[in-house]
Amino acid sequence: MSAANSPAPFTNPPNYEFPSHRLRRTLRNPDKQPLVLVACGSFSPITFLHLRMFEMAVDYVRQNTDFEVVGGYLSPVSDQYKKPGLLSAHHRVRMCTLAAEDTSSWLMVDPWEAFQDYQRTAVVLDHFDYEINTRIGGVETPSGERKPVRVMLLAGSDLIATMGEPGVWSEKDLEHILGKYGAVIIERAGADMDQAIDSLSRWRNNIHLIHQLIQNDVSSTKIRLFLRRGMSVRYLLPAAVIDYIETHGLYVDEGSSQSATGNVVVLDREWEKEREKEKEREKEKEAGSSEMVKEKRPVQAAVA
């Protein structure tokens, strides 16, 4: 029995088919190693920052590594994750699909993780590795040589910060995720990447840090707060996603049950935290500007 027809070592949701319609099957540069980026998350809802992370990663990979990106996947988490504000997998997968189809020519959405019991990130990456390398057989070079595809986790620095916290992730999973696969980490506002990386130093060569040149701190939490308060989210999400949210009346009735009321309290607390962080960032900017002015004044006087 061929590898492509062999039984999958994973439990698949009913009627599941791995999406590969946008996976580029041939390398442009035969000297490069093919790379697929996988972003796991709630995506409740998906925002332009989630999509922008992939573009920043492609730029970084092209300019700083020996990899060549041949595909990118959004993998929404299962409903069993039980996170406040987590909409049903059906809606989240649909919104991700609309976002990918409407804004990108290469991103795909894999519903494997979403439509079953909660799966650890390490297992999700194994699933992608199996589908792309075992079942599909990797990708080809222009001369016809087949190459295995490297799978890497794409995440924000808030996730990598949790990996550096004792007891949050098992050592076995960290070794599997960061040792076997690696990660591309995008800077997120308020997260100290350097401090997080210090505690993950043994995998430093497999962790690629990307600083945002244009700061974007849009978050799903803020989007849900805006929607619950009747505020516009236009230009923060893809238009197709906004239309879907409005059509189905999503995120506007989070206070209709006791558990949802708890979610609202959590959201309000998150809102206040975000406001406090923003105030702190403004203070730091003002302090920095004042120091720069002080340093420049003697020079200006001397020139005069």
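Let's start where two helices touch: Thr121, Ala122, Leu125, Asp126 and Asp129 of α3 meet Asp173, His176, Ile177, Lys180 and Tyr181 of α5. Sorted by type, the residues of this contact come out as 4 nonpolar, 2 polar and 4 charged. Keep in mind that this is a predicted model.

**How the two helices cross**
- Helix α3 covers residues 121-135 and helix α5 covers residues 171-181; their axes come within 9 Å and cross at roughly 35°.
- The α3 and α5 crossing is left-handed.

**Nonpolar cores**
- In the largest nonpolar core there are 45 residues, and Leu37, Ile46, Phe54, Leu74, Met95, Leu154 and Ile245 have the most contacts inside it.
- Helix α1 supplies the largest share of that core, with 9 residues.
- Another core, of 36 residues, lies apart from it, and includes Tyr16, Val38, Ala183 and Met193.
- Setting aside neighbours within four places in sequence, Leu154 is in contact with Leu37, Val38, Ala39, Cys40, Met53, Phe54, Ala57, Val184 and Ile186.
- As a bit of background, nonpolar side chains tend to be buried together in soluble globular proteins.

**Aromatic pairs**
- The structure has 7 aromatic pairs.
- One of them is edge-to-face, because the rings of Phe54 and Trp106 sit with their centres 5.9 Å apart and their planes at 80°.
- That pair ties together distant parts of the chain: Phe54 is in helix α1 (residues 48-64), while Trp106 is in the loop between α2 (89-103) and β3 (107-109), 52 residues apart.
- Both Phe54 and Trp106 are buried.
- Elsewhere on the ring list, Phe10, Trp112 and Tyr130 are linked into a cluster by ring pairs.

Notes: Residues numbered from 1 in each chain as written. Predicted model: local features only at pLDDT ≥ 70, side-chain atom pairs only at ≥ 80, totals over all residues. Heavy atoms only, no water. Phe/Tyr/Trp six-rings, centres within 6.5 Å; stacked < 30°, edge-to-face > 60°. Helix = DSSP H or I, 4+ residues; strand = E, 2+ residues; numbered from the N terminus. Buried < 20%, exposed > 50% of the residue type's maximum accessible area, 1.4 Å probe, protein only. Core = buried A, V, L, I, M, F, W, Y, C linked by side-chain atoms within 4.5 Å. Contact = heavy atoms within 4.5 Å. Axes fitted to C-alpha atoms, helices over the stretch in contact; angles between N-to-C directions. Left-handed = near helix turned anticlockwise from the far one by under 90°. Nonpolar A, V, L, I, M, F, W, Y, C, P; charged D, E, K, R; others polar.
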